[in-house]
Amino acid sequence: MLFNPDLWPASWILSLIARGQLHSFYVSREWKKLRKTVLKKQKRRCWDCMHKSPARITYGPNVHHLNPVRERPDLALSETDEAGRINLVCLCDSCHWERHHRRKVFISEERW
């Protein structure tokens with residue numbers, strides 16, 4: 001389902017992106033409140049560490065959007081997407097860095 005860019009919060013997020021002020025979202029009252037709720041619900045346990053093999057429990061201060069805010073601004077303040085899948089997860093610093101900075105490896109369809 002496509003989002004409606006004219007509805008809030010998508011319209012607000014898109015206007016922030018257009019002005020180069022997306023940081024304003026991350027310091028907003030709305031995001032801080034939701035972030036606190038997610039950290040409490042997930043007990044600050046790192047989502048990625050719990051889903052590794054072997055699983056381990058680490059704790060982190062980060063709440064990460066599985067649907068990136070720039071791609072789905074309508075979900076910026078939603079814990080789940082329209083299909084009920086989780087959108088916000090807690091991550092430790094290491095896993096959060098990995099999610100944002102790991103190299104994207106292009107695998108060619110062509111085989112030599």
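The structure is a predicted model, in which local features need pLDDT of at least 70, side-chain atom pairs count only at pLDDT 80 or more, and totals for chains, interfaces and linings use all residues. Residues are numbered from 1 along each chain as its sequence is written, and side-chain values use heavy atoms, with hydrogens and water left out.

**Cis peptide bonds**

- Trp 8 and Pro 9 are joined by a cis peptide bond with omega of about 10°.
- Pro 9 sits in the segment before α1 (10-18).
- A cis peptide bond also runs from Ser 53 to Pro 54, where omega is near 0°.
- Pro 54 belongs to the loop between α4 (47-50) and β1 (62-65).

- Lys 43 is not a glycine, yet its phi is positive, at about 55°.
- The loop that holds Lys 43 lies between α3 (29-41) and α4.
- Lys 43 counts as exposed because its relative accessibility is 51%; exposed means over 50% relative accessible area, computed with a 1.4 Å probe on protein chains only.
- Arg 44, also not a glycine, has a positive phi of about 60°.
- Arg 44 is placed in the loop between α3 and α4.
- Arg 44 has 39% relative accessibility and therefore counts as partly exposed, the class between buried (under 20%) and exposed (over 50%).

Notes: Helices (H or I, at least four residues) and strands (E, at least two) are DSSP runs, numbered from the N terminus.
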